[in-house]
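Have the structure open beside you as you go.

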Amino acid sequence: MRIADVLRNKGAAVVTINPEATVTELLAGLARHNIGAMVVVGPDGVVGIVSERDVVRQLHTHGPSVLSRPVSKIMTAVVSTCKKTDTVDAISMLMTENRVRHVPVIDNGKLIGIVSIGDVVKSRMEELEAEQAQLQSYITQG
């Protein structure tokens, strides 16, 4: 299965945030959309990604003052990305190797979606269920 298939099933909507937005604004957006991370987009495209974990770590280190800081101060600037032609297995490996849970999908330099670890697991579960159904059909008809 390809990332394009995952986006077709889940939708390609991506919630983004400006690097100058405050961490408080980030948290409001995460809560409003019930998501765990946002892609940080500036005038030149994707500049980072920021997650709930980033906020928690910064709160632990700097206390509540972090809430008024810009997202650019706490985001991860080196972003693992993928293409819509990549396989789900390849993205699973990328997530494991880079210890990330969210991977933006880039096509011709533009952000076209995001894939989460939940999307990868759901995709794999659907593949396994289909294989099981095929095997059961083969056995009972055999």
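**Exercise 1.** Find which residues line the second largest pocket, and sort them by class.

*Solution.* Step 1: the lining consists of K10, A13, V14, V15, N34, I35, G36, A37, H102, I114 and S116. A pocket here is an open set of points on a 1 Å grid over the protein atoms alone, where a 1.4 Å probe fits, with protein on both sides within 12 Å along at least five of seven lines; lining residues have an atom within 4 Å of a point.
Step 1: by class, six are nonpolar, four polar and one charged, with Gly counted as polar.
Step 2: the volume, meaning the space filled by probe spheres set on the points, is about 240 Å³.

The model is predicted: local features need pLDDT of at least 70, side-chain atom pairs count only at pLDDT 80 or more, and totals for chains, interfaces and linings use all residues. Residues are numbered from 1 along each chain as its sequence is written, and side-chain values use heavy atoms, leaving out hydrogens and water.

**Exercise 2.** Is S116 buried or exposed?

*Solution.* Step 1: locate S116 in strand 5 (residues 110-116); strands are DSSP runs of E, at least two residues, and helices runs of H or I, at least four, numbered from the N terminus.
Step 1: S116 counts as buried because its relative accessibility is 18%, and buried means under 20% (1.4 Å probe, protein chains only).
Step 2: beyond its neighbours within four places in sequence, S116 contacts M95, R101 and H102, with heavy atoms within 4.5 Å.

**Exercise 3.** Which element gives the largest share of the lining of the largest pocket?

*Solution.* Helix 3 does, with four residues.

Definitions and conventions. Buried < 20%, exposed > 50% of the residue type's maximum accessible area, 1.4 Å probe, protein only.
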